[in-house]
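Subject: Structure for you to look at

Hello,

Here is the structure for our discussion. Please open it beside this note; my findings follow below.

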Amino acid sequence: MFYGHYCGAWFVKVIEPRIPIWVLMNAVQFIDILHNLFVIFHTEKIKIRHDFTISEEIISVPYSHSLLGATIWCLVAGLWYRFFSGLGGGNKATFLICLLVLSHWFEDLVVHEKDLLLFTFDNTKPKYGFGLYKSFLLSQLLETGLILSSFIYYLKNTKTSLKNSANFWTKWGVSVVFVDFVISHSTSYITPPNVLFLCFTALTLHFKSCYLANQLDKVRIPTSYTLTKESLD
Ligand SMILES: [Zn+2]
């Protein structure tokens with residue numbers, strides 16, 4: 001799963017608007033960011049798979065994609081948010097960040113084949129995955145449904161800030177982010193030439209999407225905000 005993971009970020013942005021969208025998007029993909037870095041530095045191992053739905057075959061990914069690893073990274077992200085980020089929202093926001101990091105593992109569990117470890121880093125132990133990737137139609141329906149429903153929910157619960165009414169991002173931001181979803185997700189149908197290319201492309205696509213989403217979110221405020229509150233921003 002790639003773009004489907006971002007659903008949690010758009011939903012939580014509505015529940016807790018004090019967390020910047022780029023932080024939420026990095027939280028939902030934290031495990032994959034680490035995974036790509038671990039592969040680049042030869043700590044984890046994958047190989048290219050020539051398949052329309054999946055471009056990588058997992059050989060060994062215990063540190064990023066075991067439930068034990070995911071739990072550790074969820075705590076690391078929570079501690080960073082609470083004590084080092086300087087961002088608002090307190091315990092509620094910290095809890096939501098932890099939940100988003102962990103959500104990645106459970107979403108992967110639904111679509112991955114049996115390649116996810118539970119509470120161990122030992123790659124010889126039993127692995128789990130419900131294998132929705134075996135059905136192209138169902139896996140794409142799930143992924144598209146998740147990202148579209150969450151983005152629509154975000155748009156319904158936010159509005160353009162009046163002070164930014166002439167801004168490029170107020171006019172085109174929604175279209176830019178939507179086209180970015182479509183184009184970036186479509187790249188997952190192309191078989192990459194090698195593992196390094198795959199990792200660098202995934203990281204580039206992710207950070208580019210964070211930037212675009214953040215530009216859009218900067219010109220939007222929750223629909224519940226009053227004009228008085230907005231003018232105080
Ligand atoms: Zn993953």
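Helix α8 meets helix α9 through Trp169, Gly173, Val174, Val176, Val177, Asp180 and Ser184. On the α9 side the partners are Leu205, Ser209, Leu212, Ala213, Gln215, Leu216 and Lys218. Contact here means C-beta atoms, placed from the backbone, within 7 Å. Helices (H or I, at least four residues) and strands (E, at least two) are DSSP runs, numbered from the N terminus.

This is a predicted model: local features need pLDDT of at least 70, side-chain atom pairs count only at pLDDT 80 or more, and totals for chains, interfaces and linings use all residues. Residues are numbered from 1 along each chain as its sequence is written.

The α8/α9 pair

The axes of α8 (residues 168-186) and α9 come within 9 Å and cross at roughly 155°. That makes the two helices roughly antiparallel. Axes are lines fitted to C-alpha atoms, for helices over the stretch in contact, and angles run from 0 to 180 degrees between N-to-C directions. Under 35 degrees counts as roughly parallel, over 145 as roughly antiparallel, 65 to 115 as roughly perpendicular, and the rest as oblique. The α8/α9 crossing is left-handed. Left-handed means that the near helix is turned anticlockwise from the far one by less than a right angle; right-handed means clockwise.

Helix α9 covers residues 195-218. At 1.5 Å a residue, its 24 residues should span 34 Å, and the end C-alpha atoms are 35 Å apart, which agrees. The expected span is 1.5 Å times one less than the number of residues. Buried residues in α9 include Leu198, Cys199, Ala202 and His206. A residue is buried if 20 or more other C-beta atoms (placed from the backbone) lie within 10 Å of its own, exposed if 12 or fewer, and partly exposed in between.

Helix α3

How many residues of α3 are buried? Eight of the 11 in this helix (residues 30-40), so α3 is largely enclosed by the rest of the structure. They are Phe30, Ile31, Asp32, Leu34, His35, Asn36, Phe38 and Val39. They pack against α2, β1, α4, α5, α6 and α9. The α3 and α5 axes come within 10 Å and cross at roughly 110°. That makes α3 roughly perpendicular to α5. This crossing is right-handed. Phe30, Ile31 and Leu34 of α3 meet Ala70, Trp73 and Ala77 of α5. Just after α3, His42 takes a positive phi of about 60°.

The α1/α7 pair

Helix α1 (residues 7-15) packs on helix α7 (residues 136-156) at about 20°, with the axes 8 Å apart. The two are therefore roughly parallel. Residues in contact include Trp10 and Phe11 of α1 and Phe151 and Tyr154 of α7. The crossing is left-handed.

Proline 222

Proline 222 lies in strand β4 (residues 220-222). Is this proline buried or partly exposed? Partly exposed, because it has 14 C-beta neighbours inside 10 Å. Not counting residues up to four places away in sequence, proline 222 touches Pro17, Asn157 and Thr158.

Annotation

The unreviewed UniProt entry annotates "transmembrane region" at residues 21-41, 61-81, 93-112 and 132-154. Positions follow the numbering used here, feature names are shortened, and annotations may be inferred rather than shown by experiment. In the model, residues 21-41 are 90% helix and 0% strand, with end C-alpha atoms 28 Å apart. Residues 132-154 are 83% helix and 0% strand, with ends 27 Å apart, C-alpha to C-alpha.

Best wishes

Methods:
Two residues are in contact if their C-beta atoms, placed from the backbone, lie within 7 Å.
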